[in-house]
Amino acid sequence: MSKIALVRQPSPLLDSGIVDHIEKVTVDLPRAQEQWRGYVDALQAHGWKTIEVDPADDCPDSVFVEDTVVMFRNVAVISRPGADSRKPEVDGTRRALEALGCPIVEIQAPGTLDGGDILKVGDTVYIGRGGRTNAEGVAQLLRILAPLGGTVVAVPVTKVLHLKTAVTALPDGTVIGYPEFVDQPSIFDRFMPVPEPHGTAVVCLSDSELLISASAPKTAALLRDLGYGVTEVEISEYEKLEGCPTCLSVRVRALYEAASAQTNARPAQRTPRGRGGRAG
């Protein structure tokens, strides 16, 4: 079974997307569509089967599909976005994950939670408490993940849109981030600064391969020097909307890992449980 990544085509209203922490700049929609295709091609080239979530053309920010769900093991926690204009985006994601057979739970009002505020490192789930994710959203995620073996750690986010705008993690669990974006680096067990604002976000394609924005060549060189294979993708039109490489997909690893485990002559389980996810 292939590794699965959910993606969603950009809305024709993309230029009307929300910007909170940077100056608004006009988005070139044809170029954004071309960059989205390049991003999807890069995922596919590294063995990821991409599934397109139903378009949400009335929602300008809907291409940032990561914000609509948190995956832990094979459980999908449907989010409740902090921006009202984004709340309808979750419906298509829910349908896609139901079709994959994932157990579904949902964040309920008055809780709000954006998937971009979630960083998983093994079974530790860092959750950014900031403008889009509120205290009730943090509390609900804790109640959902604790029985599954997840440890939730709340992290203050005051300088950027989402936690994963400030930090992501390498496959070995090292958290990387741009120091000016990170409120409390000491929260993380291992923190490594990167030299560029757009170098904070990496997608772990495998244990040795990373995806990063082409806007961060110095960070890409640093990661290659650490022994990683690094694929750079152009996403400048999405960076105009505070987007980054992680925002544009939802990586569903647990289904792949559970299926692989069952194939290796293990008894089938009623509810497959993966390793809790790599960094992601």
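Student: What makes up the lining of the largest pocket, by class?

Tutor: In this predicted model, that lining has 7 nonpolar, 5 polar and 3 charged residues. The pocket holds about 240 Å³ of space. Of the 15 residues that line the pocket, those closest to its centre are Ile22, Thr165, Phe181, His198 and Glu242. Glu counts as charged and Phe as nonpolar, so Glu242 and Phe181 fall in those two classes.

Student: And what makes a space a cavity rather than a pocket?

Tutor: Whether the probe can get out: a 1.4 Å probe fits in a cavity but cannot leave, whereas a pocket is open. Glu66, Met71, Lys120, Lys164 and Gly280 are the closest to its centre among 13 lining residues.

Student: Which classes and strands line the largest cavity?

Tutor: The lining divides into 5 nonpolar, 3 polar and 5 charged residues. β3, β6 (118–121) and β15 each supply at least two of the lining residues, and β3 gives the most, with 3.

Student: Lys164 is on that list. Why is lysine 164 called buried?

Tutor: Set the value against the cut-off: buried means under 20% relative accessible area. Lysine 164 comes out at 4%, so it counts as buried. Lysine 164 sits in helix α4 (residues 163–166). Leaving aside residues up to four places away in sequence, lysine 164 touches Glu66, Gly116, Ile118, Leu119, Thr200, Ala201, Cys244, Thr246, Arg251 and Gly280.

Student: Which residues of helix α2 are buried, and what covers them?

Tutor: In α2 (residues 90–99), the buried ones are Val90, Gly92, Thr93, Arg94, Ala96 and Leu97. Their cover includes β1 (3–7), β3 (69–72), β4 (75–78), β5 (104–106) and β15 (250–252). Just past α2, glycine 101 adopts a positive phi of about 85°.

Student: How do you know that β9 and β10 pair?

Tutor: Two strands pair if DSSP finds at least two bridges between them. β9 and β10 (residues 175–177) have 3 bridges, so they pair, in the antiparallel sense.

Student: What makes β9 and β11 edge strands?

Tutor: Each pairs on one side only: that goes for β9 (167–169) and for β11 (191–193). They belong to an open sheet of 3 strands, ordered β9-β10-β11, with mixed pairing. Its twist averages 30° from one strand to the next.

Notes
Residues are numbered from 1 along each chain as its sequence is written. This is a predicted model: local features need pLDDT of at least 70, side-chain atom pairs count only at pLDDT 80 or more; totals for chains, interfaces and linings use all residues. Side-chain values use heavy atoms; hydrogens and water are left out. On a 1 Å grid over the protein atoms alone, a cavity is a set of points where a 1.4 Å probe fits but cannot get out, and a pocket is an open set with protein on both sides within 12 Å along at least five of seven lines; lining residues have an atom within 4 Å of a point. Grid points are joined across faces, edges and corners, and a volume is the space filled by probe spheres set on the points. Buried means under 20% relative accessible area, exposed over 50%, partly exposed in between (1.4 Å probe, protein chains only). Helices (H or I, at least four residues) and strands (E, at least two) are DSSP runs, numbered from the N terminus. Contact means heavy atoms within 4.5 Å. Axes are lines fitted to C-alpha atoms, for helices over the stretch in contact, and angles run from 0 to 180 degrees between N-to-C directions.
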